[in-house]
Amino acid sequence: MENNLLFSDKFNSTTKNEITDIIARESFFSMERAIDPKIVDKILSEVDLFKLKLNSTEISSVHADDGYFSSNAMAKSNTLFKLLTSEKILEISTQYLGDKFRLKCHRIYSTNPITRGAWHTDNKQYGDKDKKIKGLVVIIYLNDVFDGELQAIRKSHLISDEYKYSNYDEDAINEFDKGDIASFKLPVGSIIIYDSRTIHRAKPYYSLLWRRKSLFFQIDNEIDDGEKVLINSSFVNNIDKRLFIYLGMGQKNNMPHEPNNNKIK
């Protein structure tokens, strides 16, 4: 599936230089409806996020105390596999991260309204901040998100390494100008791409009759370790060296899938 079928004309016509220049300057790039809603519907149908299969050998989502998560979604969705390995995503990554980069993790998820995520950065391994890592995080909204949206602090990727830890309390956030906190209230299919050093969170929301659904994936220039990537072999038509490295083939995959608090004891 080519870029012109996966992404909107506007997103396809926005060059990798334009996108990465904005990220380097502002911490993040966003665009409404960068993905066709029909593509979103196809991914959700293929992943079947809310259908849990206990004691089954089939790939299934999991339920943790704050929502539903599918962290092996590329094993179920050919459409998602094509999106995550698309030339558009790879060329943006090359422009921002260099020649070697790895899909560190991916998940489709839906969180409960009671979830209270801390402000944090994503440049970490095994929960600890790693200042050597440079990465990109991509969020794609799988439904309209006008509440409980992603919030990120403009230009925070330039100074977040001054802090020791990857999580931030409200006192630290209050040091920033409120005008620099961007809230991404956007319709289904919208995309946000940000530097993994950006301070961000999902804004708390309180609607009991609605769930935010999103796709999250992270691409890092540290290629030696990552989460396991399970792929349906029928999805793969060709693998060049760039894709071989991107998918972590031949490398360690010891990082735990998130969430890692869903085990039935």
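This is a predicted model: local features need pLDDT of at least 70, side-chain atom pairs count only at pLDDT 80 or more; totals for chains, interfaces and linings use all residues.
Seven strands make up an open sheet, and their order across it is S1-S12-S8-S14-S4-S3-S2. The pairing within this sheet is antiparallel. Strand S1 (28–31) and strand S2 (62–64) stand at the edges; each has a single partner strand, so one side of each has no neighbour in the sheet. On average, and with direction ignored, neighbouring strands are turned by 20 degrees against each other. Strand S4 (residues 102–111) and strand S14 (residues 212–220) run antiparallel and are joined by nine bridges. In this pairing Arg102 stands opposite Asp220 of S14. Helix H3 (residues 16–26) lies across S1, strand S8 (135–141) and strand S12 (191–195), and runs at about 130 degrees to S1.

The largest nonpolar core contains 43 residues. Phe11, Leu83, Ile193, Phe217 and Tyr246 are the residues with the most contacts inside this core. Helix H6 (residues 87–97) supplies the largest share of the core, five residues. The surroundings of Leu83 were examined with its neighbours within four places in sequence left aside. On that basis Leu83 is in contact with Leu6, Phe7, Ile35, Ile43, Ile89, Ile140, Leu215 and Phe217.

His157 is located in the loop between strand S9 (150–153) and strand S10 (167–168). Its relative accessibility is 4%, so His157 counts as buried, the limit for this class being under 20%. The side chain of His157 makes a polar contact with the side chain of Ser27, at 2.6 Å. When neighbours within four places in sequence are left aside, the residues in contact with His157 include Ile23, Ala24, Arg25, Glu26 and Ser27. Tyr96, Asp195, Arg197 and Thr198 are also in contact with His157.

Side chains of opposite charge can pair when their charged atoms come close. The structure holds 11 salt bridges. One of the salt bridges is formed by Arg242 and Glu87, whose closest N and O atoms are 2.7 Å apart. Arg242 belongs to helix H8 (residues 241–246) and Glu87 to helix H6, so this pair ties together parts that are 155 residues apart in sequence. Arg242 counts as partly exposed because its relative accessibility is 27%. Glu87 also counts as partly exposed, at 38% relative accessibility.

A salt bridge is also found between Asp220 and Lys104, with the closest N and O atoms 3.1 Å apart. Because Asp220 lies in strand S14 and Lys104 in strand S4, the pair ties together parts that are 116 residues apart in sequence. Asp220 is buried, with a relative accessible area of 0%, and Lys104 is buried, with a relative accessible area of 3%.

Arg107 forms a salt bridge with Glu227, and here the closest N and O atoms are 4.0 Å apart. This pair links distant parts of the chain, with Arg107 in strand S4 and Glu227 in the loop between S14 and H8, 120 residues apart. Arg107 and Glu227 are both buried.

Notes:
Residues are numbered from 1 along each chain as its sequence is written. Side-chain values use heavy atoms; hydrogens and water are left out. A nonpolar core is a set of buried Ala, Val, Leu, Ile, Met, Phe, Trp, Tyr and Cys residues joined through side-chain atoms within 4.5 Å. Buried means under 20% relative accessible area, exposed over 50%, partly exposed in between (1.4 Å probe, protein chains only). Helices (H or I, at least four residues) and strands (E, at least two) are DSSP runs, numbered from the N terminus. Contact means heavy atoms within 4.5 Å. Two strands pair if DSSP finds at least two bridges between them. Axes are lines fitted to C-alpha atoms, for helices over the stretch in contact, and angles run from 0 to 180 degrees between N-to-C directions. A polar contact is a pair of N or O atoms within 3.5 Å; within protein, one must be able to donate a hydrogen and the other to accept it, and residues adjacent in sequence count only if both atoms are side-chain atoms. A salt bridge is a side-chain nitrogen of Lys or Arg within 4 Å of a carboxyl oxygen of Asp or Glu.
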